[in-house]
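User: Can we go through this one together? I'd like to start with the pockets.

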Amino acid sequence: MVALPLPNLPEVLSELRNLALDLRWTWTHEADALWEEIDPRLWERTRNPWSVLQSASPQRLQRLASDAAFLERLRSFEAGRQQYRGQPGWFASAHGAAGLKGIAYFSMEFGLGAALPLYAGGLGVLAGDYMKTASDLGAPVIGIGLLYQEGYFRQIVDADGLQQELYPYNEPASLPIAPAILEDGWLRIPIEFPGRTIQLRVWKASVGRVTLYLLDSNDPLNSPVDRGITAKLYGGGSEIRLMQEIVLGIGGWRVVEKLHPETEICHINEGHAAFAIIERARLRAEHCRFEFWDAFWATRAGNVFTTHTPVAAGFDAFAPSLLARYLPYRERELERCNVRTEELIGLGRIDPKDKDEAFNMAYLAQRGSAITLGVSRLHGEFSRRIFQPLFPRWPNCEVPVGHVTNGVHIPTWDSPQADRLWEDACGKERWRDMPDNLADRMAAIPDEKLWAMRGEGRQRLVARVRQHLATQLRERGAEQGTVREADTVLDPNILTVGFARRFTEYKRPNLLLRDPARLDRLLTNPHRPMQIAVAGKAHPADTEGKAMIRQWIELARNPRYRRHVVFLEDYDIALAQELVQGVDVWINNPRRPWEACGTSGMKVLVNGGINCSILDGWWDEAFRPDVGWAIGDDKGGEADRVDARDAESLYALLETRIVPEFYDRDAEGLPRRWLARVRRSTSTLTPAFASTRMFRDYVERAYLPLARLYRERSAKGCAEAREARAWAETLTRRWPGLHIERPTVSRTQDRWRVSVPVFLGEISPSSVQVQLFADVHDDRPAEVVVLHQEQSIPGAMNGFVYAGEVPALRGAGDYTVRVIPHREGVQVPAELALVAWQR
């Protein structure tokens, strides 16, 4: 790998460069002692091997070059890295014969570690876990993202308890990345913006066996304004956001074409990168010299869209005039592939012809992808409602949005003691092989070992919290006596509750503060006390979120609660790791159904933490009474009423179940009921919500089926794609001539028999299916029965009587006759949303 200049490394230490630039250290930690030996203070401060290596003095490096023990450890770690890189991995052994040539994963954020601050929250951390899992499983993945000069803000809390935002510069030379160098120099990607062409530098980060490419506009060739396009993550107004998303999607796909043209699957992680769909089709049309819409039908077969947004208002949308000005395509380029700017803008509208409708990135992503997926079962259900406007007259249950529930990269989030426990029980390769008996092996661990793991985790958390708080106070200029008081916060032997999240109204981070008297009794009970560790940021413009933070700060600063409550500033991956590894109970209480998935609670599972959460996102799937606790219910209602009901439920759970169970000890001092719950939670839920399972779901339910479809449509000059497009356009023109007459329904014993005259007009019978449909009703799922063509109707053009039977398990009035498009290999209604109903 080509890297930025380093101090002259002695030849025997040259392998340090490879180790430092391979982000596998963000989850293996096997070489941590090596970096600590080079510079203990800097390692403790940064946890960034690349910074440690850059800052090492020549004298220190020469001494290490003469240290036989150090050299032996270095050779051992590099050998381990090479062995990891050389293993075939799950993907090759399970699906290598399928020959999936490549997956490009686009995301606005990537949270790989605190040393590479290119993330704001859960979306980025999920993307980072995805990349690490792809590496572990040996999948042919590349990542595409942006290199931010400042990224998301860093948080401090002032003397008045108010959040302040800082934007330190991310000096590329200090980040564990390297320029993408080709034979003719540093790879730059041009993007045409109004009146100028900007240049995007391309960087690469090695994530084990996969590569993340990052685009950066901070090039001296660009104007000062354009150099700032990739300055802040989610910073600036609508125009800056649009430019960032064009850079990510269009610039990102140009990187794919330049470096990995064999790529078959384009995975859009949230709508920010959806412009990649347009650029992929445009470049295909340009290369093959045919029309854009033929190319669109070919490339759409290889596109996957994961939506993370729980409400339609959360999607990015842009004014059509702004988009028309910034889409980086000259008219002659569009003319060559026979498409107009207005047609491209129509891809992001409910009504493509409504010139006043805003352009919605999620609509573009959905329309341009063969498969759309939510991030949990419940989120899939609500996403079908959100995307319903794109599928008029289709029932909600058939809106083409499925789900793959998120998972977390366990090696990133497990504590050292949890890692040892799992390795002893399940082996070193457990998260790559995922044997079926993982749960059985963990279930056999004795109570004593489980409780020892929990105790060590809690003690480690308390030590880290005290250290973090002391640093926080010292850097705010606090008096030495106040700094010393940090050493008294929290108690390593009492019930420790944690929650950390973005502070915003719908996440209700202050639900536990609604009844101060009840909270006081929970915190200060002399026999069964509780303590709370809190962290989180509010968006810079969210004054309500900042006020919520201030409430927790005031509570933590109250002398009565100083030892029981702590608010930790500047929530990031490093702090999240400390919290999830040490807390006994993780609380999550968003307003349902606004939590699309919520992976933070998954991260405590491997460490023996237990979840107490709203039945939303992943917890709606995972919850059973023997593995954790559910706050409130799923009945819904007005916000104020629901908030009061959920707060009451949370207090009651803590008072009557959680606290008593934790302190219910036997003669040996062990909480047996609590440990039984820990065992069930960690053994059954950890594998189920690991990113290994998530990635396998993506491979088997999306990537492989779409790769086959993509190849079929791309073969022979995209002949199948061109035919499918022509078929769809012809069907659309002729659809208004289709008519369904009143059906005849009769009952024979326990079956309904239906016959119905259908006049297809100029539509070929082979292009449609005539179906009997019944929607979801009470506990009954939707039903679809294909009717067969029984006879022709004399004198009619394509007029037929269709007939069929269904069990009489529901009333005849529940069923309706309909006609839908049908063609082998075309996704209906995802690619063609026509439908005709008898009534």
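User: Which helices each supply at least two residues of the lining of the second largest pocket?

Analyst: This is a predicted model. Helix H12 (292–300), helix H15 (341–346), helix H16 (361–367) and helix H30 (691–734) each give at least two residues to the lining of that pocket.

User: What volume does the second largest pocket have?

Analyst: About 1200 Å³. There are 31 lining residues, and the closest to the pocket's centre are Trp293, Leu347, Pro352, Arg367 and Thr732.

User: And how does that lining split by class?

Analyst: The lining of the second largest pocket has 17 nonpolar, three polar and 11 charged residues.

User: OK, cavities. How many of 30 Å³ or more are there in the whole structure?

Analyst: Three cavities of 30 Å³ or more turn up in a search of the whole structure. The largest cavity holds about 90 Å³ of space.

User: Which residues line the largest cavity?

Analyst: Its lining consists of Leu19, Asp22, Arg24, Trp25, Thr28, Glu30, Ala31, Trp35 and Arg81. By class, the lining of the largest cavity comes to four nonpolar, one polar and four charged residues.

User: Switching to sheets. What is the strand order in the six-stranded one?

Analyst: The order is S19-S18-S17-S20-S21-S22, in an open sheet with parallel pairing. Strand S19 (565–568) and strand S22 (629–631) are the edge strands, each pairing on one side only. From one strand to the next the twist averages 20 degrees.

User: How many bridges join S18 to S19?

Analyst: Four bridges, between S19 and strand S18 (residues 530–535), and the two run parallel. Within that pair, Ile532 stands opposite Val565 in S19.

User: Which strands does helix H22 lie across?

Analyst: Helix H22 (residues 447–475) lies across strand S17 (495–500), S18 and S19, and runs at about 65 degrees to S19. Helix H25 (residues 543–557) also packs on the sheet and touches S17, S18 and S19. The direction of H25 makes about 135 degrees with that of S19.

User: How many salt bridges does the count come to?

Analyst: The count comes to 69 salt bridges.

User: Back to sheets. What about the four-stranded one, parallel or antiparallel?

Analyst: Antiparallel, with the four strands in the order S27-S26-S30-S31 in an open sheet. The edges are strand S27 (783–786) and strand S31 (836–837), and each of them pairs on one side only.

User: How many bridges join S30 to S31?

Analyst: Two bridges join strand S30 (residues 815–821) to S31, and they run antiparallel. Arg818 is the residue opposite Trp837 in S31.

User: Last topic, the hairpin of S24 and S25. How many residues lie between the strands?

Analyst: Two residues lie between S24 and S25, and Gln749 takes a positive phi near 55 degrees in this hairpin. Strand S24 (residues 744–748) and strand S25 (residues 751–759) pair in the antiparallel sense over five bridges.

User: Which residue in S25 is the bridge partner of Ser746?

Analyst: Ser746 has Arg753 in S25 as its bridge partner.

How values were computed. Residues are numbered from 1 along each chain as its sequence is written. This is a predicted model: local features need pLDDT of at least 70, side-chain atom pairs count only at pLDDT 80 or more; totals for chains, interfaces and linings use all residues. Side-chain values use heavy atoms; hydrogens and water are left out. Two strands pair if DSSP finds at least two bridges between them. Axes are lines fitted to C-alpha atoms, for helices over the stretch in contact, and angles run from 0 to 180 degrees between N-to-C directions. Contact means heavy atoms within 4.5 Å. On a 1 Å grid over the protein atoms alone, a cavity is a set of points where a 1.4 Å probe fits but cannot get out, and a pocket is an open set with protein on both sides within 12 Å along at least five of seven lines; lining residues have an atom within 4 Å of a point. Grid points are joined across faces, edges and corners, and a volume is the space filled by probe spheres set on the points. Ala, Val, Leu, Ile, Met, Phe, Trp, Tyr, Cys and Pro count as nonpolar, Asp, Glu, Lys and Arg as charged, and the others, Gly among them, as polar. A salt bridge is a side-chain nitrogen of Lys or Arg within 4 Å of a carboxyl oxygen of Asp or Glu.
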